[in-house]
Amino acid sequence: MKEPVFSYVPGTSLLHRFDPRIKIAAVMLLGILTFRIENFEGIAALFAFFFALASLSGLPMKMFFRAIKPMMLFITFIFLAQLLFTDGKVLVSYWILQPSLEGLETGLKLAARFILLLLFAALLTASTNPSAITCGIERMLRPLPLRWLGITSFELATMMNISIAFLPLLFERVERTKAAQAARGMDFVKNPFRSVPALAIPLLRGVIRDAEELALAMESRGYQGSRRTSMHELSIQKNDWKALFVLAVFFIFVLFL
Amino acid sequence: MPIILENVSFSYSRKTPLETPALREISLRIEKGEFVGILGEKGAGKSTLTKLFNGLLRPEAGTVRIDGLDPSSKEAKRRIGMVFQQAADQLFCRTVYEEIAFGLLNFGYSKREAEERIYEAIDSVCLDQAALSRDPFSLSGGEMQRVALASALALRPDYLVLDEPITGLDPAGKKEILDTLRKIKNMGTAVITVTHNLKGFFPLLERVVLIKEGRITFQGSRESYLEKGCVPLPPIASMMKELRERGIPVNPAAFTVEDALEEILRVKSAFEKGSSLTATEGN
Amino acid sequence: MIRLEKVSYSYPDGTPALENINLTIKKGEFVGVIGKNGSGKSTLALQLSGLLKPGTGRVVIRGMDTRDPSRLQGIRKFVGVVFQNPETQFVGRTVEEDLAFGPENLCLPPVEIRRCVDMALAETELEKYRHRSPKTLSGGQGQCAALAGILAMRPECLIFDEVASMLDPESGIAVLETIKKLHKKGKTIVYITHNLEELHDADRILVMEKGKIKIEGDPESVFSDVFLQDLGLPLPSLIELAANLKTHGVIIPWESTTSPQNFAEEICRLFLRT
């Protein structure tokens, strides 16, 4: 079976060893940057920065491009929409389609931005253990006064982990129930009124049962919703500060480009 | 006319980066009135195969024909009844009656016709008619599974396709389902079941299809399957095989306690008659 | 180790699940519990692990009363439960991450958590699946991973609630073998099942019916108990065959009914002697 996109690839590279908090902050900063810059130089610099980091991670380049592939249709659509529906100097005219030079420019920029976002996100997820990411988010949220909302950052992190872990199970359930009812002649298009309860009721019952079983299993493993530690040791090292510095320099450099 | 699969291949998430092949060049023929077991490990493609029978999935190559019909046609769907592992995944009505009626109404039967068929179906799964007014979720696991069977049988299918119908049930529930299936088969409906419970199903199976990594690696009678012995056999069958290997001439087709008892006693008296007879000569 | 004193429990809707159960699980024992669905076996598992508090009576786990909330974490550390469905027991996206869940709840330091995870992986022979998603494991491996998730908390007592009932027979046997290995290493095991075949090697078997313990004893005496058939619990086929042969004057000793090989050997021995 092929590795799903955006999955973690264990390794020991410098990029793998950075503190997840630094990496999350970096992705956020780079995300802001991609949408702040207006010129092609900046975009080129960001791409260059990505390739530098990617080669640092020691992971095969084509892995990152696989992260873009499923989104390519969407990106192409955005590009074409910009190309065709932006007013400006007309490049060629064909039927009612009039791609403009300005459209080409904004289209290219927008497409490049999405691609950059995806690439940086893929870099984070490929080089960071998923639970280290949630652990990092948990630590970053800890100073926030979440207590007022009635939850702790520990609960929030566990919730994030579990909902991600449970999505595939939910999809499987939907598939199973859909197949079972289709085999009994259910036709969603022809008779939605009968089909909705036929899908929703077994699904709800199943999900509730799953949740009960999960809650019991979690309790059996000592979960109390209160303070817990993490397998991932988070400590900002010298390297992390250096990385932060490099990032800041790059940030300013691109903004003034 | 039978179910015929010719060189059928199927992959999930086709033409996407997540494409995973599930079945490769499957050719299979299932006659009316047969009892066929589809065996194989988890992920071998057994469940995928059953979904091809009633058009839930369409093959990417090859053809599937149900009595010569396209499996996604309404008539073909009526001829194939399907029941999945967890009855709880499909039950949703307030009464068993409505539950069985669901399929019938979907296929456009009138209320009167449906009623007649509901009574017939509940009889054929050996449930009491009083059960019709009960809440399906108040039933035991075995009873719930029989309601699922009844809702498939109400359409009077020619083929009943089951996916792990007894997994997760307790011994009493397993026995209920196996007895019901024996009855259904005797009434002339073909039963095709995916299972890993060889012990429970073995006395019923007439033919075995073994799937491994999306391909059929064995197809034949259960006797020839026993001879081949490619997977762990149920305890009695395994013991009889051991006896044969040790030179005691017992019938390899014995796999129930009764059969085995008879065989052993027969051999015993043979040994007692001719005390000069040694084990190897007896073979 | 674990003591139930006059424990009764009813479901929220009033139906009784357990009635006046007295039971002691001794250290290092392998106790098999068998009964039909709805006989109260699963409720018993929850009582034995302190996940459910008794309605009346008392459950004491190594001196800790399960109704005392301050002892809960101590109880969790001491006894763990593995349930029927492996899929609803996973909380992590990788096996490693999942195994860390228990020790994390016990607030162990990171180094210690890693040590617990490594040990649990080694004991269940799952090292090579460390970074895999638990959902991609086969049923048997999945159940082993669920077991490892409990082992990572280093409990002394393990409770298994129908862990093999969703698995194919081969995987079921493999999981049971892993459990037996843990028993040999000194863990106390309570194994709940509706398949008598799995309890051949148990130290003690409890047969449950309608919330009560109906039969209790070593496997040999329980398997020959005539009430078993009335409770709808079929005997292992080799045991049944041995019992039938006995009425025809062919005596197969208990030790030989453990496997088809031993059984066949015994028959050869008997026949070649005559």
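Predicted model: local features only at pLDDT ≥ 70, side-chain atom pairs only at ≥ 80, totals over all residues.
Turning to chain B, 31 residues of chain C are in contact with 28 residues of chain B. Here the elements of chain C that give two or more residues are helix H6 (169-184), helix H9 (237-247) and helix H10 (260-273), with H10(C) supplying the largest share, eight residues. This side of chain C is made up of 16 nonpolar, eleven polar and four charged residues.

Within the structure, the largest nonpolar core has 186 residues, and B:Ala150, C:Ala148 and C:Val190 are those with the most contacts inside it. Not counting residues up to four places away in sequence, B:Ala150 touches B:Ile100, B:Ala121, B:Ile122, B:Val125 and B:Leu127.

One of the residues touched by B:Ala150 is B:Ile100, which is among the buried residues of H3(B). Helix H3 (residues 96-106) of chain B is largely enclosed by the rest of the structure, because nine of its eleven residues are buried. Besides B:Ile100, the buried residues include B:Val96, B:Tyr97, B:Phe102 and B:Leu104, along with the charged B:Glu99. The partners of these buried residues come from two chains, since they pack against helix H9 (192-220) of chain A as well as helix H4 (111-124) and helix H5 (141-153) of chain B. After H3(B) comes B:Gly108, whose phi is positive, near 85 degrees.

Helix H1 (residues 41-48) of chain C is likewise largely enclosed by the rest of the structure, because eight of its eight residues are buried. They run from C:Lys41, C:Ser42 and C:Thr43 through C:Leu44, C:Ala45 and C:Leu46 to C:Gln47 and C:Leu48. Just after H1(C), C:Gly50 takes a positive phi of about 75 degrees.

The axes of helix H3 (residues 40-57) and helix H6 (residues 101-127) of chain A come within 11 Å and cross at roughly 20 degrees, so H3(A) is roughly parallel to H6(A). The crossing in which H3(A) passes H6(A) is left-handed. Residues of H3(A) in this contact include A:Ile43, A:Leu46, A:Phe50 and A:Leu53, while those of H6(A) include A:Lys109, A:Leu116, A:Phe120 and A:Ala126. By class, the contact has eleven nonpolar, two polar and one charged residues.

Finally, C:Met64 lies in strand S5 (residues 64-65) of chain C. With 16 other C-beta atoms within 10 Å, C:Met64 is partly exposed. Leaving aside neighbours within four places in sequence, C:Met64 is in contact with C:Arg71, C:Gly74 and C:Ile75. By contrast, C:His131 is 67 residues away along the chain, and the C-alpha atoms of C:Met64 and C:His131 are separated by 37 Å.

Key
Residues numbered from 1 in each chain as written. Chains lettered and ligands numbered in written order. Helix = DSSP H or I, 4+ residues; strand = E, 2+ residues; numbered from the N terminus. Buried ≥ 20, exposed ≤ 12 C-beta atoms within 10 Å, placed from the backbone. Contact = placed C-beta atoms within 7 Å. Axes fitted to C-alpha atoms, helices over the stretch in contact; angles between N-to-C directions. Parallel < 35°, antiparallel > 145°, perpendicular 65-115°, else oblique. Left-handed = near helix turned anticlockwise from the far one by under 90°. Core = buried A, V, L, I, M, F, W, Y, C linked by C-beta atoms within 7 Å.
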